[in-house]
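I set out to record what I looked up in this structure, entry by entry. The entries follow the order in which I consulted it.

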Amino acid sequence: QVQMVESGGGVVQAGGSLRLSCVASGRTLVNVDMGWYRQAPGKEREFVAMTRWTWRGYTSDYDDFAKDRFTISRDNDENATYLEMNNRKHKDTDIYYCNIHEPDPGPEDYWGQGTQITVSS
């Protein structure tokens with residue numbers, strides 16, 4: 001079983017920066033995708049960013065709103081992924097969830113418990 005713990009959420013002023021961390025434990029994860037989603041109350045969970053494993057290495061994908069302001073990274077030795085968010089906007093106020101997608105064996109998706117980010121004036 002995979003457990004994931006997120007940290008780094010909180011209140012940040014508009015225009016400020018914040019870094020989220022997610023560390024997975026429980027067993028060794030190999031060749032997995034690691035990323036982030038977010039969800040506002042009453043809305044569906046939406047994709048933010050992902051690092052995807054390929055035979056040629058890792059690639060990074062971002063939703064359009066995140067491309068210019070967010071940076072995703074990972075540390076495979078630590079089973080961790082990070083999301084650096086700059087120039088925060090009020091619309092970034094959401095609960096952010098860490099995700100691990102394991103295509104083989106699987107496919108299987110693992111989720112963190114979520115961390116709240118609130119962007120204040």
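**Terms and basis.** I take two strands as paired if DSSP finds at least two bridges between them; helices (H or I, at least four residues) and strands (E, at least two) are DSSP runs, numbered from the N terminus. I note that this is a predicted model, in which local features need pLDDT of at least 70, side-chain atom pairs count only at pLDDT 80 or more, and totals for chains, interfaces and linings use all residues. Residues are numbered from 1 along each chain as its sequence is written, and side-chain values use heavy atoms, with hydrogens and water left out.

**Entry 1: strands 9 and 10.** I looked up the pairing of strand 9 with strand 10 (residues 108-111) and found an antiparallel run with 4 bridges. His101 has Asp109 of strand 10 as its bridge partner. The hairpin of these strands has 5 residues between them, and Gly106 takes a positive phi near 145° there.

**Entry 2: the partners of strand 3.** I then turned to strand 3. Strand 1 (residues 3-7) runs antiparallel to strand 3 and is joined to it by 5 bridges; Ser7 is bridged to Ser21 of strand 3. Strand 8 (residues 80-85) is also antiparallel to strand 3, with 6 bridges, and Val23 has Ala80 as its bridge partner in strand 8.

**Entry 3: Ser21.** Is Ser21 buried or exposed? I noted a relative accessibility of 16%, so Ser21 counts as buried (buried means under 20% relative accessible area, exposed over 50%, partly exposed in between; 1.4 Å probe, protein chains only). Leaving out residues up to four places away in sequence, Ser21 touches Val5, Glu6, Ser7, Trp36, Thr81 and Tyr82, where contact means heavy atoms within 4.5 Å.

**Entry 4: the disulfide.** I searched for disulfides (pairs of cysteine sulfur atoms within 2.5 Å) and found 1. Cys22 is joined to Cys98, with an S to S distance of 2.2 Å. Cys22 lies in strand 3 (residues 18-25) and Cys98 in strand 9 (residues 94-102), so the pair ties together parts that are 76 residues apart in sequence. The link of Cys22 and Cys98 is left-handed, with -85° about the S-S bond. Both Cys22 and Cys98 are buried.

**Entry 5: the core.** Lastly I looked up the largest nonpolar core, which has 25 residues; Trp36, Val48 and Leu83 have the most contacts inside it. Such a core is a set of buried Ala, Val, Leu, Ile, Met, Phe, Trp, Tyr and Cys residues joined through side-chain atoms within 4.5 Å. Strand 3 gives the largest share of this core, 4 residues.
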